[in-house]
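Trainee: Could we go through this one together? I'd like to know what stands behind each label before I repeat it.

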Amino acid sequence: MHAFEYRRAASLNDAVGTLATDGDARPLAGGMTLIPSLKHRLNQVSQLIDIGGLADLQGISVQADHLWIGAAMRHQQVADSAEVARAAPGLAQLAGLIGDPQVRARGTIGGSVANNDPAADYPAAVLALDAVVVTERRELAAADFFQGFFMTALEPGELITGIRFKLPRRSAYAKFKHPASGYAMAGVFAADLGAAGLRVTVTGAGGGVFRWTAAEQAWAGGSSVPTLEHPDLLEDIHAPARYRAHLAKVMCEQALRQLA
Amino acid sequence: MKISIEVNGKAQSLEVEGRTLLVEVLREHLGLTGTHVGCDTSQCGCCTVLVDGQGVKSCTMLAGQADGCRITTIEGLGGQSLHPVQVAFTECHALQCGFCTPGMIMSVTSLLAKHPNPTDEQIIEGLAGNLCRCTGYANIIAAVRQAASAMAGSAA
């Protein structure tokens with residue numbers, strides 16, 4: 001790693017101020033992606049401002065019409081939360097499938113969503129549960145937030161404070177894990193949002209999370225899940241696009257079977 | 001920067017760089033070389049230690065992030081005698097080369113703290129972050145079962 005300063009933020013304002021004045025500073029929460037990328041020298045920073053312990057970013061609560069999860073909540077905390085299990089069981093299930101126990105003990109939901117890895121799990125839930133990504137300066141609808149391969153609507157220095165999820169009637173997640181990394185080769189989140197309709201989202205198979213409208217229509221109509229057709233399917237050393245398209249169909253069937 | 005951590009019950013005050021990793025503090029500053037660095041990319045779990053009782057990969061945590069925390073390494077697990085997990089690994093022959101063993105044992109300790117009587121599925125999931133290239137895992141799983149029953153017996 002190149003040298004950098006490390007400092008715990010005293011407050012959200014302190015962190016935002018530091019990021020605004022130093023363009024090479026970056027926020028650190030769990031560090032499960034950022035630290036490896038610094039170790040590989042894929043990334044270089046002047047300082048890391050640790051926001052993981054900030055009180056403003058903690059907490060899980062269920063309100064009348066939404067579930068709130070603070071940005072610094074660790075994957076294991078979400079997986080173990082009785083509130084999440086009651087309000088959105090697919091989300092608790094998803095959190096428990098991320099990485100491995102050591103990674104879940106450190107990684108945070110805000111970090112995962114801000115990073116928008118095309119094979120990360122949380123983006124599938126954020127998009128399927130029609131969530132709002134709340135930052136210190138504004139609110140962003142999930143559909144506007146994710147902008148493909150590691151890209152989001154976040155501005156430099158903007159910090160996610162938490163995510164507001166719609167409460168689904170039913171929800172489930174199915175994932176085929178890459179056996180070494182634990183990332184999704186294909187992950188499918190299915191959510192029944194009641195009056196707001198049925199949503200099926202796919203992660204891991206494409207260059208970024210996306211809604212799979214053909215599967216939503218099939219689910220609504222009670223017909224069988226089609227093979228995934230998408231213009232931007234990943235094709236790499238792990239699997240060709242055709243394999244991932246098939247895997248997405250199988251994962252969709254598994255998710256819907258859990259809801260049957 | 002200065003950090004204060006408790007390692008195996010002993011308070012330590014150390015001068016580190018911002019980029020210093022927790023595993024570097026343990027191995028290089030404190031000479032606790034029982035914690036291994038296998039892959040250095042947070043895959044293998046050889047560097048697993050307990051931070052405030054929770055298993056984490058010390059190659060992917062900055063020393064600064066551990067400031068104020070209580071760390072347990074393989075050297076501090078058993079005290080004067082071997083910990084029941086260490087005994088079970090010995091008796092079940094849950095290792096061959098032994099490189100992954102310290103991390104494995106710390107993960108098992110973290111797992112048993114959460115699930116004192118784990119199912120096979122919970123054992124396998126609990127060790128998903130630790131790789132062993134020798135044993136094929138069968139004896140490791142047997143050791144977890146034995147440690148769980150030994151610890152349940154000593155708690156009763």
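Mentor: Start with chain A: among its contacts with a separation of 6 or more, 61% are between residues 24 or more positions apart. Two residues are in contact if their C-beta atoms, placed from the backbone, lie within 7 Å. Bear in mind that this is a predicted model, where local features need pLDDT of at least 70, side-chain atom pairs count only at pLDDT 80 or more, and totals for chains, interfaces and linings use all residues. Residues are numbered from 1 along each chain as its sequence is written, while chains are lettered from A and ligands numbered from 1 in the order in which they are written.

Trainee: How many helices and strands does chain A have?

Mentor: Eleven helices and twelve strands. Those are DSSP runs numbered from the N terminus: helices are H or I with at least four residues, strands are E with at least two.

Trainee: What makes chain A as compact as a globular protein of that length?

Mentor: The globule rule is 2.2 Å times the number of residues to the power 0.38, with the radius of gyration taken over C-alpha atoms. For 260 residues the rule gives 18 Å and chain A has 18 Å, so chain A counts as that compact. Its C-alpha trace spans about 55 × 45 × 30 Å along the principal axes.

Trainee: And how do you know that chain B agrees with a compact globule?

Mentor: With 156 residues, such a globule would have a radius of gyration near 15 Å, and chain B has 15 Å, so the two agree. The box for its C-alpha atoms is roughly 45 × 35 × 25 Å along the principal axes.

Trainee: What share of each chain counts as buried?

Mentor: In chain A, 52% of the 260 residues; in chain B, 46% of the 156. Buried means 20 or more other C-beta atoms within 10 Å of the residue's own, exposed means 12 or fewer, and partly exposed is in between, with C-beta atoms placed from the backbone.

Trainee: Why is H4(B) called mostly covered?

Mentor: Twelve of its 14 residues are buried, including B:Met104, B:Ile105 and B:Leu111.

Trainee: How do you know that the span of H4(B) agrees with its 14 residues?

Mentor: The expected span is 1.5 Å times one less than the number of residues. For helix H4 (residues 101-114) of chain B that comes to 20 Å, and the end C-alpha atoms are 20 Å apart, so the span agrees.

Trainee: What makes chain B divided, and where are the domains?

Mentor: The bounds come from an automatic or database domain assignment, giving domain 1 (2-77) and domain 2 (84-155). Their C-alpha centres lie 21 Å apart. The contact takes 17 residues from domain 1 of chain B and 14 residues from domain 2 of chain B.

Trainee: Which elements of chain A give two or more residues to the side that touches chain B?

Mentor: First the totals: 18 residues of chain A are in contact with 23 residues of chain B. The elements are strand S1 (5-8), helix H2 (34-39), strand S3 (47-50) and helix H6 (101-106) of chain A. H6(A) provides the largest share, five residues.

Trainee: How does that side of chain A divide by class?

Mentor: Twelve nonpolar, two polar and four charged residues. Ala, Val, Leu, Ile, Met, Phe, Trp, Tyr, Cys and Pro count as nonpolar, Asp, Glu, Lys and Arg as charged, and the others, Gly among them, as polar.
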